[in-house]
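Visitor: Please put the model up. I have some questions about its fold.

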Amino acid sequence: MPSQRPVGSPTRGTTAPNRLRRADRWLVGTQAPRIRLGDDPPVMVDLGYGRLGTTTREWADRLAAVRDDLDVVGVEISPDRVAAAQPLARPGLRFVLGGFEVPTPPARVIRAFNVLRQYDEGEVAQAWAGLQAALDEHGVVVDGTCSELGRLGAWVMLDREGPRSLTLSWRLRDLDLDATPPSVVAERLPKALIHRNVPGEGVHDLLRDLDDAWARTAGWATYGARAHAVEAFGLLARRWPVLDGPRRWRLGELTLAWEPVAPASPA
């Protein structure tokens with residue numbers, strides 16, 4: 001008989017209200033057409049939500065603006081965490097025991113934030129493969145990491161074929177030309193990239209060019225952080241395959257195609 005034990009290991013489980021607001025805003029703002037596809041209620045999985053179900057409940061509330069018939073499922077590997085989240089359950093929001101095997105019907109979106117960061121880089125490919133296998137035909141995985149207060153983050157979006165994009169996110173007013181350049185996001189890169197910020201890797205070149213663009217457009221800071229970001233990201237887009245535009249840039253988001261930043265060699 002196959003083991004029914006959830007696949008994976010417990011994480012630290014730290015979380016806080018509003019910690020994932022930036023990724024949620026991006027998902028609602030850019031992936032709404034995907035979420036609306038089909039007549040049946042899509043399954044939305046929050047994998048590894050931590051000691052509290054707060055961010056899963058917030059996710060459900062935000063997603064309701066896109067579609068009101070979603071089946072939002074918080075998945076945790078710890079029975080104690082599943083039990084602790086039950087008071088937050090309601091129609092359309094439930095909490096279940098599980099891991100990377102994702103014990104739900106095929107999912108439209110699997111959000112896995114601050115989960116793989118606690119694994120070895122060599123385990124990422126297998127974890128991704130398991131999550132991709134749990135998607136429906138229109139589904140995506142969002143694997144990311146963010147700071148404790150949610151002001152800095154980065155995430156990879158994958159479909160059933162593989163990684164498609166990398167999104168970087170900042171609270172723009174926290175950036176400073178000398179002390180805190182945009183490359184500070186390196187400390188929050190997803191596990192697949194966080195050890196790749198070294199010469200010879202695409203993500204290293206990206207962050208170098210991003211800081212250079214930020215410095216070259218420093219004069220625009222006079223008009224505010226958003227104006228500065230629009231000019232800097234626009235300059236970067238002349239050299240890199242940036243997939244979004246000023247509307248997202250003003251929010252402190254920058255999304256690029258995956259291929260140029262993909263690891264140069266296997267872990």
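Visitor: In which sense do strand 2 and strand 3 pair, and over how many bridges?
Guide: This is a predicted model, where local features need pLDDT of at least 70, side-chain atom pairs count only at pLDDT 80 or more, and totals for chains, interfaces and linings use all residues. Residues are numbered from 1 along each chain as its sequence is written, and side-chain values use heavy atoms, with hydrogens and water left out. Strands (E, at least two residues) and helices (H or I, at least four) are DSSP runs, numbered from the N terminus, and two strands pair if DSSP finds at least two bridges between them. Strand 3 covers residues 93-97, and its pairing with strand 2 is parallel, over five bridges.

Visitor: Which residue in strand 3 is the bridge partner of Gly 74?
Guide: Gly 74 belongs to strand 2, residues 71-76. Its bridge partner in strand 3 is Phe 95.

Visitor: Which helix makes a β-α-β unit with strand 2 and strand 3, and of what hand?
Guide: Take the strands pointing away from the viewer: a crossover is right-handed if the path from the first strand over the helix to the second runs clockwise. The unit of strand 2 and strand 3 is right-handed, and its helix spans residues 79-85. That is helix 4.

Visitor: What pairs with strand 2 in the parallel sense besides strand 3?
Guide: Val 43 has Asp 71 as its bridge partner in strand 2. Val 45 has Val 73. The pairing runs over five bridges, and the partner is strand 1, residues 43-47.

Visitor: Which residue of strand 4 is the bridge partner of Val 45?
Guide: Strand 4 (residues 107-113) pairs with strand 1 in the parallel sense over three bridges. Met 44 stands opposite Val 109 there. For Val 45, the partner in strand 4 is Ile 110.

Visitor: Is Arg 21 buried or partly exposed?
Guide: Arg 21 lies in helix 1, residues 21-30. Its C-alpha atom is 8.6 Å from that of Thr 55, 34 residues apart along the chain. With a relative accessible area of 28%, Arg 21 is partly exposed.

Visitor: How do the lining residues of the largest pocket divide?
Guide: A pocket is an open set of points on a 1 Å grid over the protein atoms alone, where a 1.4 Å probe fits, with protein on both sides within 12 Å along at least five of seven lines; lining residues have an atom within 4 Å of a point. About 250 Å³ of space lies in the largest one, and among its 20 lining residues the closest to the centre are Thr 14, Arg 19, Phe 113, Asn 114 and Gln 118. Asp, Glu, Lys and Arg count as charged, Ala, Val, Leu, Ile, Met, Phe, Trp, Tyr, Cys and Pro as nonpolar, and the others, Gly among them, as polar. The lining has four nonpolar, ten polar and six charged.

Terms used:
Buried means under 20% relative accessible area, exposed over 50%, partly exposed in between (1.4 Å probe, protein chains only). Grid points are joined across faces, edges and corners, and a volume is the space filled by probe spheres set on the points.
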